Amino acid sequence: MMTSTRFAVAIHILAGIALHDGEAVRSEDLARSINTNASVVRRIVGLLADAGITRSQLGQGGGSLLARSADAITLLDVMRAVE
């Protein structure tokens, strides 16, 4: 089964968020790490949020956080969220 680049980008996003250990990560910072546009990151983070994998923190110091433990997120969860 072929996967799109959304899956790879989603994994990169989740790894980046997990590495920040509970601190919100801005889409601009994730986009710079992935070498893509922040709007692409926001779109994928939205899909992950709809699936209950990420959540957003608004306001000063806002960004994306994991909605549950990284240990509780499977690759299948991510694939279902973005594909």
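Start by selecting Val41. Leaving aside neighbours within four places in sequence, Val41 is in contact with Ile13, Ser27, Leu30, Ala31, Ile34 and Thr36. Keep in mind throughout that this is a predicted model.

**Stop 1: the core**

Now widen the selection to the largest nonpolar core, which has 22 residues. Val41 is among the members that touch the most others, along with Ile13, Leu14, Ile44, Leu48, Val78 and Val82. Colour by element next. Helix H1 (5–19), helix H2 (27–34), helix H3 (38–50) and helix H4 (75–82) each give two or more residues to this core. H1 provides the largest share, six residues.

**Stop 2: the largest pocket**

H2, H3, strand S1 (54–57) and strand S2 (63–66) each supply at least two residues of the lining. The largest share, three residues, comes from H3. Colour the lining by residue class: four are nonpolar, six polar and three charged.

**Stop 3: Ser64**

Is Ser64 buried or exposed? With a relative accessible area of 7%, Ser64 falls under the 20% cut-off, so Ser64 counts as buried. Show what surrounds this residue. Beyond four places in sequence, the contacts of Ser64 are Ile17, Glu23, Ala24, Val25, Val45 and Arg55.

**Stop 4: salt bridges**

Side chains of opposite charge can pair when their charged atoms come close. How many salt bridges does a search of the whole structure find? The search finds five.

The side chain of Arg42 meets that of Glu28 in a salt bridge, 3.6 Å from N to O. This pair links distant parts of the chain: Glu28 lies in helix H2 and Arg42 in helix H3, 14 residues apart. Glu28 is partly exposed at 35% relative accessibility, and Arg42 is partly exposed at 44%.

Next, select Arg26 and Asp29. Their side chains form a salt bridge at 3.2 Å, N to O. Arg26 is partly exposed, with a relative accessible area of 40%; Asp29 is also partly exposed, at 30%.

Finish at Asp77 and Arg68. Their side chains meet in a salt bridge of 3.1 Å, N to O. Asp77 has a relative accessible area of 23%, which makes this residue partly exposed. Arg68, at 31%, is partly exposed too.

Technical notes: Residues numbered from 1 in each chain as written. Predicted model: local features only at pLDDT ≥ 70, side-chain atom pairs only at ≥ 80, totals over all residues. Heavy atoms only, no water. Core = buried A, V, L, I, M, F, W, Y, C linked by side-chain atoms within 4.5 Å. Buried < 20%, exposed > 50% of the residue type's maximum accessible area, 1.4 Å probe, protein only. Helix = DSSP H or I, 4+ residues; strand = E, 2+ residues; numbered from the N terminus. Contact = heavy atoms within 4.5 Å. Nonpolar A, V, L, I, M, F, W, Y, C, P; charged D, E, K, R; others polar. Salt bridge = Lys/Arg side-chain N within 4 Å of Asp/Glu carboxyl O.
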